[in-house]
Amino acid sequence: MCGLSLAINGEAHEVVTMGNAIKHRGNRHGVTHVGNIRVFFSQLAITDQHAPAQPYISGKYYVWLNGYVSNYKELAEKYGIKMWTNCDTQVLADFINLTGFEQLNELNGFFSIVVWDGGKTHFFTDRYGIKQLYQYKVGETTYVCSEIKGIKALFDLDLDEEAVADWKYSLGVMSETVYKGITRVPSLPFPKPENIDISYNAAFVKLNYLLGKAFERNRTTVKSGVFLSGGVDSGLIAKKIKPDYSFSMDYQDDSYSEYANIKVNSTGTHYTMICNKELADRYAPKACEALDDLKVGSCYTNFALTELASKFCTVLYSGAGGDELFYGYTHRYDKLINQVIRRTESEGRDYDITHEEYDWLYLRGILVVEDRMAGYQCMETRYPFLDNDLVDFVLSLPKEYRFNKRILKDVSGLPDQITQGRKRGFSNPYFTNSEWVQFCLDRL
């Protein structure tokens, strides 16, 4: 987790203002001026805490990286890159120097990347948009930032009426941002894999291998934790990665509680918070403060757990992506898609998309929220289920293998009470969707 703030043809004070607005994303800060760009970089070093500060320079390329290239050691071996650090950014810079921008599809992980090549500035994010970059143009100047907060520190941004209407209707799932003039920097292409003919047993074996590979790529040597619900995704991460800590939310209302399943999945030193009215009153405003773009539902329990986790560890593992890969939202697949998209009482347009397409749009919203929650606490969130090799394989499997997480449950080896349990996740019982929508709008 780091923070990028830059201006092309901008002034030094503008970049510093942007950077200071999001400096919570790192614990080491610096400004670089090269060519016609100025970059304020807030760095949280994970892979090599003693490596030099960014940017890394290789040939004509200056490279900044927010996030994590999870296959950087594999790339170093494949391309004969000498690792004079243990830093993924160093390998990334040398990789780009060797291949230009022709092999970017080989980059795995979650990242937003800025490259200055001696005459032009390039920026892009991972193919799922796990790490976001936002841009805003004023005349001949382009402002780019990891959070809209940085751009808002410079300009009074107007709300986009259509996007606000979408926030009221679909919790912002169908729009990019709620502000006029703000666009997200493009992600790398996300090609849809072709279906393959494979037996269930062969798929089981390969999935087990690729899950292990994804977990290994995302494992870290710094203190780490997992947000542990009673479900399959976080339970599998806890079982396979064995982080130092696990953090859970329990509820006064037993209808929300997954406490029995959480105990089964517990790993490391385990902390549990109780969601009561006092917690909601305390953390709902903080969650809104962390968010600068409005996505998905209320997230005050997520903020509370992230704040707790920040006292003990630097890296969090997320199960995001598991439901999208393995058709986990079975409780709503029998509904018409526009009944699913409509999350509040507000009126909105009809959309002609599939449930699967909607699931991935919803994931993009979740990723924005998780980025802001972790970034606010100077933490990094890692996503083993969004490993490119794993995603490409799973999406090529027959739907019947994936539906309701069938093959994932079989591979997981988790007990029946986990694999057969009712889907809950971290609930937020003190706000309806409509109440949360208005609560956030009142604080923008």
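Is Thr301 buried or exposed? Thr301 is buried, at a relative accessible area of 0%. Buried means under 20% relative accessible area, exposed over 50%, and partly exposed in between, using a 1.4 Å probe and protein chains only.

This is a predicted model: local features need pLDDT of at least 70, side-chain atom pairs count only at pLDDT 80 or more, and totals for chains, interfaces and linings use all residues. Residues are numbered from 1 along each chain as its sequence is written, and side-chain values use heavy atoms, with hydrogens and water left out.

**View 1. Thr301 and its contacts.** Thr301 sits in helix H10, residues 300-309. Helices (H or I, at least four residues) and strands (E, at least two) are DSSP runs, numbered from the N terminus. Leaving aside residues up to four places away in sequence, Thr301 touches Met249, Tyr251, Cys275, Leu279, Phe426, Ser427 and Asn428. Contact means heavy atoms within 4.5 Å.

**View 2. The fold of the chain.** The chain has 18 helices and 15 strands. Its radius of gyration is 21 Å, close to the 22 Å from the globule rule for 444 residues, so the chain is as compact as a globular protein of that length. The radius is taken over C-alpha atoms; the rule is 2.2 Å times the number of residues to the power 0.38. Along its principal axes, the C-alpha trace spans about 60 × 50 × 45 Å.

**View 3. Inside the chain.** Buried residues make up 61% of the 444 residues. Take the contacts between residues at least 6 apart in sequence: 71% join residues at least 24 apart.
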